[in-house]
Amino acid sequence: MTFDALASIAAVGTGQRSSLPPVGALAAYLPGPDEADPQALAYALLDSAAALAVVRRGTPAAAPGEPVPPAPDDPFPEPPVHVISLLGPLLADDAGAIRLASDRAYVLAEALRLVAQAGMRLPHRLLGVALARRDLRLFVQPVLGARGEWLLAQLQGAGLDGATTAAADPGDPELWDTGTSEERLAWFRHARAVDPESARAAAVAVWKESPAAFRTELMSAIAESVTPADEAFCEQGLDDRAEGVRVGAADALSRLPDSAYVARMAARAQEAIAVGELEPGAVHRLLKRTIRTLQVTPYEPDETAVRDGLGRKLSSKERLTRLVAAVPPAMWPSLVGATAAELVTLHQDEPRWELVGGIGTATLRNADATTANLLVAAGVMDVRLVPLLSTAATLALIAQAPTTLLGTVLDGVATPWPQEVATAVGQQLVGTNGHQVRPEVWTMFARSVPLRLAGGWAQRLRGLGQPDGRTVGNMLRDATSVLTVRALFADELRPFLPETSWQDTQPGGQL
Amino acid sequence: MADRWRPERVTALAPDSASDVAGRRLAIPTPWSDVGYAYPLLWGACQGSGSTPYSVAIDVSEPSYRCSCPSHKFPCKHVLALLYLWAEGRIDEGGTLSRFAAQWSATRHAAGEEKPANDAPAERTEAQLAASAARAEQREERVTGGLAELDRWLADQVTAGLAHTRPGAMGDLAARMVDAQVPGVAGRLRDLNRRPIGSRTGARAGGAWLDDTLAEYGLLHLLSRAWTRTDLPDGLRATVRNHIGFTVAKETVLASPPVADTWAVVGMRDSDEEQVSTRRVWLYGTTTGRYALVLFFSSRGMPLDASLVPGSGVTADLHFYPGGPALRALVGDTHDVHQRVRFEVAASAVSEAIARWRRALAEDPWLGSYPTAIRGSARLVPSPGLADEAGDSVRLAGGATLPLLALTGGNPASVFGELEPRGFLPTAVLTDDGLVVL
């Protein structure tokens with residue numbers, strides 16, 4: 001009798017049975033039944049179970065299979081021992097030195113990138129835990145070394161690596177015909193970057209049978225990479241039955257300064273906006289100064305203007321915003337005799353926020369850094385412009401921004417921050433108003449300070465001692481920890497990094 | 001001067017994982033000041049939430065420690081953090097001895113000098129001896145009664161059918177076994193009670209639960225019957241008493257002949273049972289080739305003995321408990337401690353290891369696992385296993401398969417671990433750099 005058969009009998013119970021099947025050779029080792037005992041059968045089953053259980057326990061499970069070729073030798077060195085001792089707890093996501101999980105992931109990603117730049121690999125004993133961090137696979141992959149690649153292949157072979165489903169190659173032309181909507185869009189964006197004409201031709205070929213949502217996505221992708229050759233296609237888009245497509249087409253055309261669409265919108269802007277002069281008062285006459293004033297005439301759209309996106313259902317303010325947003329900022333001097341930045345500072349009979357918003361949008365569409373800097377210098381607080389700003393203009397915006405908006409402003413500054421920006425933000429944090437700054441600014445600061453400055457700022461924050469208030473205390477402690485660990489990694493790996501790499505080291509990136 | 005500790009030893013000292021995490025979090029230079037080290041003293045001041053930093057002093061030779069923080073954990077996170085910093089080489093020799101550390105050290109020395117010698121057990125009177133014998137007899141009677149109840153209960157279960165097992169029934173019986181002073185049986189029943197009961201319908205209902213339960217019932221029945229036998233050899237009788245839960249006095253074990261060797265620590269496993277934490281440490285005699293199991297116990301939340309750290313070694317006399325196979329031991333006189341120990345091991349093929357495990361089971365059918373070293377190549381495909389040159393294999397169990405593969409790269413290696421019914425649980429591997437704990 002096998003153990004399984006015995007277990008089946010035990011599951012049902014011996015109460016309904018008069019005998020047990022023989023247990024074979026083991027019977028010689030088992031005691032005979034006690035006829036006088038009413039539960040003799042149960043005890044006999046337990047005796048057999050004991051004997052068969054010992055036999056079963058003495059036969060550990062085997063793992064049959066063919067031998068696997070061992071891993072090749074690793075040509076790259078391990079990082080210094082202190083780097084390994086820091087990487088271990090971070091890879092295991094132990095709270096360790098850094099309290100917040102998102103901070104740990106960020107610092108780890110940055111450290112792994114440094115290890116890769118130093119031409120090093122993870123030590124073998126950390127490979128298991130590193131491969132378990134699928135959220136960091138992008139950063140772990142370059143430092144796996146030969147052993148890690150071998151281990152990954154083993155995991156994938158056993159179906160134990162959840163990250164085995166590789167994303168489809170956006171360059172694969174098959175995707176356009178057979179992929180999902182997301183995959184088709186990925187291919188289209190990739191194709192636009194490589195060969196915009198062919199990509200547009202592909203879009204044209206499927207345009208009519210594509211649903212509105214997909215056409216909207218395609219037009220949006222065209223707007224991101226629009227060229228003069230796309231003008232005719234986009235003009236047709238203004239007549240599309242889907243509003244999303246029409247909005248996308250107008251957006252695309254307004255990014256082409258020489259397009260007919262921009263010319264039409266510029267002409268309308270000239271009708272609606274003018275710069276005049278006020279009758280000077282006595283003081284101005286004495287100073288021989290004139291007062292320039294902004295004059296806005298509500299624009300009444302005709303059929304062509306409706307087609308261009310200035311519909312009658314829009315409020316006059318919204319219509320003005322759209323109109324101004326379609327005029328490249330560099331065009332304003334020729335239209336009204338004033339620059340875009342001057343327009344927002346001219347005397348106005350009432351605040352024209354819609355004008356400021358429209359000029360900001362046009363500045364972004366045309367990636368006009370000059371106008372962006374001038375707008376900020378003129379006092380415009382438009383955080384969308386941050387990516388276009390010079391360091392000086394960014395510093396001006398940081399100085400102007402209320403503490404509650406500081407995080408939003410800094411969100412647009414590329415990381416690592418320029419040294420001057422890091423210094424300005426750091427000084428705000430350690431200044432008297434530091435407790436008013438929102439917590440995310442502490443986090444951004446700790447992560448975005450250039451690596452070469454991290455140690456110095458960690459030292460400075462440590463010197464602050466214990467601030468008043470639990471929240472500020474936590475923010476200070478977290479920021480100090482992140483800066484300290486970043487600096488430790490940097491100090492240890494700096495001798496192995498090329499100087500240019502050290503200066504320009506990028507952080508972990510988006511996780 | 002003693003070697004600097006390795007971080008694993010600090011981890012082993014933590015009273016619980018929360019303290020360890022908190023200690024690691026503080027193991028950065030940020031909050032620390034006035035740190036220094038002059039063997040055996042390590043000291044520092046840690047800025048906490050208050051205005052005054054906490055003072056920490058540690059004697060790494062024992063270890064013993066003192067912190068001015070109010071934590072009830074022992075050691076506290078500040079002690080652990082300072083030890084981590086030191087173990088990672090971030091605190092160099094030198095520094096000005098803090099007032100706190102100097103005072104603590106002086107107080108300890110004074111206390112040590114005044115402490116009366118208390119090693120020799122006090123001589124017992126005849127009345128005490130008689131009372132002790134009466135207690136022992138009373139316990140044996142209780143155990144006899146308890147095991148008889150156990151055996152009846154097992155028969156009732158099998159008669160009615162295991163498909164009708166009432167959830168929690170084993171827990172109730174375990175409590176009665178505690179009353180009957182049969183803690184070993186109570187522990188096995190509690191383990192069984194924790195396993196989830198599978199579906200109890202169908203021809204082969206319950207799956208693994210049914211198989212495990214029946215096997216355990218059979219072994220408990222065997223234990224109960226063995227207790228009633230008066231003709232057992234001394235070794236087997238001692239084994240039966242061990243599994244029932246009779247303890248053997250330390251002095252009795254230490255009076256047995258010692259086995260001297262340099263013992264490598266090849267595995268360690270901690271577990272919590274009710275209010276008691278248990279640490280199981282496997283040792284390998286680098287000269288004798290013997291294995292030993294040293295157990296440490298503590299109340300939950302209190303630190304477990306951290307003198308035997310995986311990867312380290314100790315030249316010491318071991319005294320084995322009675323019963324077979326002789327595995328459980330006490331560490332007697334310690335002659336030397338090694339941060340790392342280099343040795344060769346005659347690792348077995350899979351078939352030899354299994355044959356040894358079977359011999360051990362023949363001596364002790366209730367044995368949970370058996371230590372061994374197997375020479376083989378780890379692989380993951382088609383299933384996790386360790387295969388030797390002859391092509392024989394054993395399934396790899398536990399959570400150390402991936403680290404083992406990472407460390408060996410599929411090359412043959414001598415792997416220490418525990419052989420048990422599920423397969424082989426690797427605990428350490430011998431590499432070119434020495435023993436690496438998994």
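The legends below describe close-up views of a predicted two-chain model.

Residues are numbered from 1 along each chain as its sequence is written, and chains are lettered from A, with ligands numbered from 1, in the order in which they are written. Because the model is predicted, local features need pLDDT of at least 70 and side-chain atom pairs count only at pLDDT 80 or more, while totals for chains, interfaces and linings use all residues.

View 1. The average pLDDT of chain A is 87, and 92% of the residues score at least 70; pLDDT is the predictor's confidence in each residue, from 0 to 100. Over residues 504–511 of chain A, pLDDT stays under 50. For that stretch the model has 17 contacts beyond four places in sequence, a contact being two residues whose C-beta atoms, placed from the backbone, lie within 7 Å. The domain assignment divides chain A into domain 1 (3–57), domain 2 (81–150), domain 3 (174–254) and domain 4 (271–382); such bounds come from an automatic or database domain assignment. Between the C-alpha centres of domain 1 and domain 2 of chain A there are 55 Å.

**View 2. Helix 4 of chain A.** Helices (H or I, at least four residues) and strands (E, at least two) are DSSP runs, numbered from the N terminus. Helix 4 covers residues 101–117, and its end C-alpha atoms are 24 Å apart, which agrees with the 24 Å that 17 residues should span at 1.5 Å a residue. The expected span is 1.5 Å times one less than the number of residues. Of the 17 residues of this helix, 12 are buried, among them Tyr106(A), Leu108(A), Glu110(A) and Arg113(A). A residue is buried if 20 or more other C-beta atoms lie within 10 Å of its own, exposed if 12 or fewer, and partly exposed in between, with C-beta atoms placed from the backbone. Gly119(A), which follows helix 4 of chain A, has a positive phi near 75 degrees.

View 3. With 13 residues (353–365), helix 20 of chain A reaches 18 Å from first to last C-alpha, close to the 18 Å expected. Its buried residues include Glu354(A), Leu355(A), Ile359(A) and Arg365(A). The buried residues of helix 20 pack against helix 13 (243–254), helix 17 (316–325), helix 19 (340–343) and helix 21 (369–377) of chain A. Ala367(A) lies in the loop between helix 20 and helix 21 of chain A. Although not a glycine, Ala367(A) has a positive phi of about 45 degrees. Ala367(A) has 11 other C-beta atoms within 10 Å and is therefore exposed.

**View 4. Surroundings of Glu271(A).** Glu271(A) is part of helix 14 (residues 260–272) of chain A. It counts as exposed because it has 11 C-beta neighbours inside 10 Å. Residues up to four places away in sequence aside, Glu271(A) touches Thr297(A) and Tyr299(A). The C-alpha atom of Pro298(A), 27 residues away along the chain, is separated from that of Glu271(A) by 9.3 Å.

**View 5. Contact between chain A and chain B.** On chain B, 64 residues are in contact with 57 residues of chain A. Helix 8 (residues 208–228) of chain B gives the most to the chain B side, with 9 residues. That side has 39 nonpolar, 15 polar and 10 charged residues. Here Ala, Val, Leu, Ile, Met, Phe, Trp, Tyr, Cys and Pro count as nonpolar, Asp, Glu, Lys and Arg as charged, and the others, Gly among them, as polar.

**View 6. Nonpolar cores.** A nonpolar core is a set of buried Ala, Val, Leu, Ile, Met, Phe, Trp, Tyr and Cys residues joined through C-beta atoms within 7 Å. The largest has 213 residues, and those with the most contacts inside it are Leu483(A), Leu83(B) and Leu283(B). Helix 27 (residues 470–493) of chain A contributes the largest share of this core, 11 residues. A second, separate core of 48 residues includes Val23(A), Leu147(B), Val185(B) and Leu220(B).

**View 7. Backbone details of chain B.** The peptide bond from Tyr39(B) to Pro40(B) is cis, with omega near 5 degrees. Pro40(B) sits in the loop between strand 1 (32–38) and strand 2 (41–46) of chain B. Gly324(B) and Pro325(B) are also joined by a cis peptide bond, with omega about -10 degrees. Gln181(B), in the loop between helix 6 (169–179) and helix 7 (183–194) of chain B, has a positive phi of about 60 degrees although it is not a glycine.
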